[in-house]
Amino acid sequence: MRLDRWFRRRFPEISQSHLNKIVRKGEVRVSGKRAEVSTRLEAGQSVRVPPLGEAGAPPAQGAPPDPREAEAIRAMILFEDRDLMVLNKPYGLAVQGGSGTKRHIDGMLEALRDRKGERPVLAHRLDRDTSGVLLIAKSRKIAAELGAIFRSRNAKKIYWALVEGVPKPAQGRISMFLAKGPGMGDDRAAAKGNRDDLERMRVARHGDPDAQHSLTLYAVVDKVAPRLAWLSMRPITGRTHQLRAHCEAIGHPIIGDPKYNRRPENDPARHDPLRAVPPGVEPKLHLLARRLILPHPRGGTLDVVAPLPPHMQASFDMFGFDVSQRDPIEDAPDA
């Protein structure tokens, strides 16, 4: 179990932002060592919990969950059975709380807590501005089984994106080491500078501190050459911002990405009518978690597809892209 889930299970009233703060300051220790909220706990480890004060106070009584949040979650459901739900997460809605984030999927799931006190839990995550398939477990047991499936790489995830320019070759693999920026690690509070610059993954070299290998398979589905391409991608690894960082690294950033698509105003591509992204395209992240395929914990296969969000549908209509055509990434090998 991740450290943040461990805390939420035992101290449900602690906010994500407060948890992030005490972990970042090193007040939480796992077997005597500093940790991150994503640290996975193992049997036999000890967790030092500092005084939580009001953040860990007993829950206030008489504050029922907002039924509108339960309705909002149910309106997102693409698939549901007794063990899990698959949501179609909209653009701009955070999956978890953080500094300045008051409404998010994780908090909304509180409205679905059952009579035994158990509530659905996140099985994986998406960035705030990424739309599409989001898996939710209805129990801790199922969440643990789904987590094991993701870690074993038996889950197949397919993402669609619109990127600037047309990648060559039309089908290939992106393999590189990535490391978190100074605003993303244990010492993030001390990092100075623009937050968008500090909270970016950077291309690293093997052996660099915190460097992790990352691998993405990609294929061009359609294009408006030389301006842009519809890209289908399969992340084999699951690093933070992996697809966004990979697209930038190969010179084809995702359209509308505020962190990884910030070409300078004097870039010739911005003013070349043959290469610039056509006017009228919404300045929102054009990245969709399109499809999720994985073994169901009770047997069989879960295979769910999410529709395009409105801003991507408008762009697809503008360029005449047909979502019913064959996606070449489906035929790509696993590595």
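**Notebook: rings, a buried lysine, helices and turns**

I looked up aromatic pairs first, and the count comes to eight. The rule takes rings of Phe, Tyr and Trp (its six-membered ring) whose centres lie within 6.5 Å; planes under 30 degrees apart are stacked, over 60 edge-to-face, and the rest tilted. I picked Phe 316 and Phe 321: their ring centres are 5.5 Å apart and their planes stand at 80 degrees, so this pair is edge-to-face. I noted that a pair of aromatic rings is described by the distance of the centres and the angle of the planes. Phe 316 and Phe 321 are both buried (under 20% relative accessible area; exposed is over 50% and partly exposed lies in between, with a 1.4 Å probe and protein chains only). Ring pairs also link Trp 160, Trp 230, Phe 316, Phe 319 and Phe 321 into a cluster.

A note on the source: this is a predicted model, in which local features need pLDDT of at least 70 and side-chain atom pairs count only at pLDDT 80 or more, while totals for chains, interfaces and linings use all residues. Residues are numbered from 1 along each chain as its sequence is written, and side-chain values use heavy atoms, with hydrogens and water left out.

**Lys 89**

I found Lys 89 in strand β5, residues 84–89. Helices (H or I, at least four residues) and strands (E, at least two) are DSSP runs, numbered from the N terminus.

I then checked backbone oxygens. The side chain of Lys 89 reaches that of Leu 93 at 2.8 Å, and the backbone oxygen of Arg 128 lies 2.8 Å from a polar atom of the Lys 89 side chain. Leaving aside neighbours within four places in sequence, Lys 89 has contacts (heavy atoms within 4.5 Å) that include Val 95, Ile 105, Leu 126 and Thr 130.

Next I followed β5 to its partner. Strand β4 (residues 77–80) runs antiparallel to β5, with three bridges between them; two strands pair if DSSP finds at least two bridges. Ile 77 stands opposite Leu 87 in β5. A hairpin of three residues joins β4 to β5.

**Two helices**

I looked at helix α7 (residues 242–249): six of its eight residues are buried, so the rest of the structure largely encloses this helix. The buried ones are Gln 242, Leu 243, Arg 244, Ala 245, His 246 and Cys 247. Their cover includes β8 (156–164), β9 (171–179), β11 (212–224), β12 (228–235) and β13 (287–295). After α7 comes Gly 251, with a positive phi near 85 degrees.

In helix α2 (residues 16–24) I listed Gln 16, Leu 19, Asn 20, Ile 22 and Val 23 as buried. The buried residues of α2 pack against α1 (3–10) and β2 (33–34). Gly 26 follows α2, and its phi is positive, near 80 degrees.

I traced an open sheet of three strands in the order β2-β1-β3, paired antiparallel. β2 and β3 (47–48) are at the edges with a single partner strand each, so one side of each has no neighbour in the sheet. Two bridges join β1 (residues 29–30) to β2, and Arg 29 stands opposite Arg 34 in β2.

I found a cis peptide bond between Lys 168 and Pro 169, with omega about 0 degrees; Pro 169 is in the loop between β8 and β9. Another cis bond runs from Ala 225 to Pro 226, with omega near 0 degrees, and Pro 226 is in the loop between β11 and β12.

Is Asp 210 buried or exposed? Its relative accessibility is 67%, so Asp 210 counts as exposed. Its phi is positive, near 70 degrees, though Asp 210 is not a glycine. I located Asp 210 in the loop between β10 (202–204) and β11. His 241 likewise is not a glycine and has a positive phi of about 55 degrees. His 241 lies in the loop between β12 and α7 and is buried, at 14% relative accessible area.

Conventions: Polar contact = N/O pair within 3.5 Å; in protein donor to acceptor, adjacent residues only side chain to side chain.
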